[in-house]
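Subject: Structure handover

Dear colleague,

Here is the structure for your files. My notes on what was found in it follow below.

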Amino acid sequence: MLTLSRVWVLRHRLTFVVTILLLLVAGGYLFWTQQQVKLRRVSPQQPTNVALTIQFQPDALVFRGASYYFVAKNQTNGEPLTVHGWADSAATLARLKAIRRAQTWRIKGQQIGILPATNFNQFDAASYWAHRGVTKSIKIDQVTRQQNVPATLLTWFQNGWHLQRTRLIRYCDRLPGALRVYALGLLPGTRAAEAVQELQGMKQLGLLHLFSISGLHVALLLTAVEWLCVHLRIQREHWEWGLLLGLPGYFILAGGGSGVLRACLMRGLQLGGRKLRVKMSGLDAWAGALIVGLLLNPGLLFDLGSQLSYGLSLGLILLVRETTWWRQIGLTLLGLPSLLNGIFQWHLLTLLANMVLVPLFPVVMLPVTLVGVFSFTWLPGLSSSCAWLLGTMDVGLAKVAALPGNVTFGKPWWWVSWLWLGLSWWLFSRPPQQRQRWLIGLLASYGVVYGLIHFPIQGEVAYFDVGQGDSILLREPFNRRISLIDTGGRLALPQSRWVPATPPSYGAVQTTINYLRSLGIDHVDDLYLTHHDADHIGDLPAVLRELRVTRILVPVGMENRARLATLNQGKSLSGGRASHQIRQSRAPSCAPSV
């Protein structure tokens with residue numbers, strides 16, 4: 001509506017008619033794609049046996065222990081699918097990791113719809129994948145035929161870049177320590193299993209946009225290539241054409257995320273405009289990148305990463321004439337509604353951390369990562385030093401993030417988030433001398449919403465869907481007392497020695513803890529553990545690490561178990577926030593009915 005109103009103000013009838021026609025065409029296309037997605041949906045509760053032929057690129061394979069998954073296409077109808085499998089031996093796992101060519105597999109397995117979020121404010125996998133045209137998941141029981149996809153004139157370019165990305169991923173997988181996490185995130189644009197623990201400080205300080213979430217590193221690498229070509233005295237016309245033709249390949253090499261797509265499209269549109277002698281401003285390039293991004297992924301702006309990538313880059317373009325201080329305030333205000341809707345918390349040191357670390361990223365963090373990657377084969381000692389330096393930096397960031405100032409705000413109402421976003425832009429339309437008064441008013445509105453979230457007039461009893469097991473929340477009006485009965489959990493089955501070790505993962509992070517944070521709750525007064533089965537208390541380490549727990553109440557005799565004694569002493573929760581007492585309870589050993 002804002003766009004149409006601005007076009008109407010131009011008082012140019014032809015422009016308005018063309019705009020309406022383009023909107024109708026684009027809207028019709030998006031409506032048609034949405035209907036196709038709806039027609040392909042199947043039940044997420046009732047699996048069916050299938051036999052089909054799928055095709056995928058080697059860099060799509062993602063491994064976690066002995067399991068693997070990837071996105072493939074049904075060769076019959078071109079439908080995208082998520083595919084999951086399990087390597088039954090070390091030889092099978094090694095053979096999968098050695099794949100370097102596009103594959104065609106004939107498989108037998110079970111097909112099921114992707115399960116939507118079953119708890120409030122939980123990540124909705126069904127919606128996420130539906131935006132990308134994926135509605136089904138396949139669990140492989142047997143691969144009956146496996147062969148390389150024959151190379152053709154139309155596919156050699158794409159397959160070649162996917163091959164290079166596969167080699168880059170496997171190479172970065174061998175890097176030591178924190179260097180592995182940084183290299184995988186910044187170069188091929190994939191996520192290491194250790195990233196959650198390694199980058200915890202960055203996440204809490206709101207600095208994850210330094211990675212591919214914003215495409216910042218893409219712009220830096222392209223600028224470095226331009227600088228190198230200029231100093232090698234390569235003619236501008238030649239290297240500009242080379243860069244323009246190479247951007248699609250680099251898009252594949254860097255992982256094809258939303259931030260990478262935006263950065264590559266913006267640079268490509270600016271280079272293309274220069275070749276066509278068409279003036280292409282940064283704002284024009286941003287708008288073109290947004291249009292293409294929406295056509296490729298209609299749900300683009302529902303993702304937190306895309307919101308930050310497009311929102312912060314727009315802020316940098318429109319606030320370019322502001323002072324450094326006002327620019328940082330503007331970027332913070334523009335990103336804050338998305339962050340509060342996505343992770344429900346914000347650190348008071350975020351503004352300072354951005355002002356210090358964003359300038360250091362292109363001169364310290366990215367160069368150290370590149371030096372560590374390129375020196376690994378010939379100078380492993382130098383590579384280890386780079387890993388140590390990055391790891392030390394992460395430890396320092398984690399200590400800074402642990403300082404007082406992390407505010408569990410909660411999830412604001414959607415219309416409030418849009419209002420904040422509009423008011424933030426309106427603030428910068430005022431003269432600088434008038435902004436301070438309006439800024440205080442805007443911050444006061446955050447305080448009012450904070451109070452409404454944290455002091456509800458009604459209590460609540462919530463039953464979490466944790467699969468097999470139990471977890472129940474009880475909170476009194478105005479959050480006077482927060483109680484949690486059990487944490488949920490999964491039974492950890494013993495693994496063979498050949499299975500690569502993976503960091504532990506806890507379902508409570510996505511269910512119980514996520515919901516509590518969306519309510520602005522960062523503590524639990526009473527945590528009741530009904531009995532010691534893993535499906536009831538298996539996620540206890542995550543709850544103690546992420547939330548402040550005042551008391552843990554257990555049935556008589558359970559407090560003497562070695563596992564609880566270790567938790568109480570804090571020995572198994574390095575870096576946790578637990579501060580609690582374990583007390584006996586004469587309550588029954590099962591969760592009460594409410």
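Serine 471 has a relative accessible area of 1%, so it is buried (buried is under 20% relative accessible area, exposed over 50%, partly exposed in between, with a 1.4 Å probe and protein chains only). Its place is in the loop between strand S9 (460-463) and strand S10 (472-475); helices (H or I, at least four residues) and strands (E, at least two) are DSSP runs numbered from the N terminus.

This is a predicted model, in which local features need pLDDT of at least 70 and side-chain atom pairs count only at pLDDT 80 or more, while totals for chains, interfaces and linings use all residues. Residues are numbered from 1 along each chain as its sequence is written, and side-chain values use heavy atoms, with hydrogens and water left out.

The side chain of serine 471 reaches the backbone oxygen of aspartate 486 at 3.2 Å and makes a polar contact of 3.5 Å with the side chain of threonine 512. A polar contact is a pair of N or O atoms within 3.5 Å; within protein, one must be able to donate a hydrogen and the other to accept it, and residues adjacent in sequence count only if both atoms are side-chain atoms. Not counting residues up to four places away in sequence, serine 471 touches, among others, Ala462, Tyr463, Leu484 and Gly488 (contact means heavy atoms within 4.5 Å).

Arginine 475 lies in strand S10 and is also buried, with a relative accessible area of 11%. Its side chain makes polar contacts with the side chains of glutamate 460, at 2.6 Å, and asparagine 479, at 2.8 Å. Beyond four places in sequence, the residues that arginine 475 touches include Glu460, Arg481, Ile482 and Leu519.

Strand S12 (residues 523-528) runs parallel to S13, and 5 bridges join them (strands pair if DSSP finds at least two bridges between them). Valine 549 in S13 is the bridge partner of valine 524. In S13 (residues 548-555), 6 of the 8 residues are buried.

Which residues touch the most other members of the largest nonpolar core? They are Leu175, Tyr182, Val218 and Tyr250, in a core of 44 residues. The elements that give two or more residues to this core include helix H5 (156-172), helix H9 (216-231) and helix H16 (380-401). A second, separate core has 25 residues, among them Leu473, Ala508, Tyr515 and Leu540. A nonpolar core is a set of buried Ala, Val, Leu, Ile, Met, Phe, Trp, Tyr and Cys residues joined through side-chain atoms within 4.5 Å.

The whole structure holds 19 aromatic pairs. Rings of Phe, Tyr and Trp (its six-membered ring) pair if their centres lie within 6.5 Å; planes under 30 degrees apart count as stacked, over 60 as edge-to-face and the rest as tilted. Phenylalanine 63 and tyrosine 68 form a tilted pair, because their ring centres are 6.4 Å apart and their planes are at 50 degrees. Ring pairs also link Phe56, Phe63, Tyr68, Phe70 and Trp105 into a cluster. The pair of tryptophan 156 and phenylalanine 157 is edge-to-face, because the planes are at 85 degrees, with centres 6.1 Å apart. Tryptophan 156 is exposed, at 53% relative accessible area, and phenylalanine 157 is partly exposed, at 32%.

Arginine 132 lies over the face of tyrosine 128, 3.8 Å from the ring centre (a charge sits over a ring if NZ of Lys or CZ of Arg is within 6 Å of the ring centre and within 35 degrees of the ring normal).

Regards
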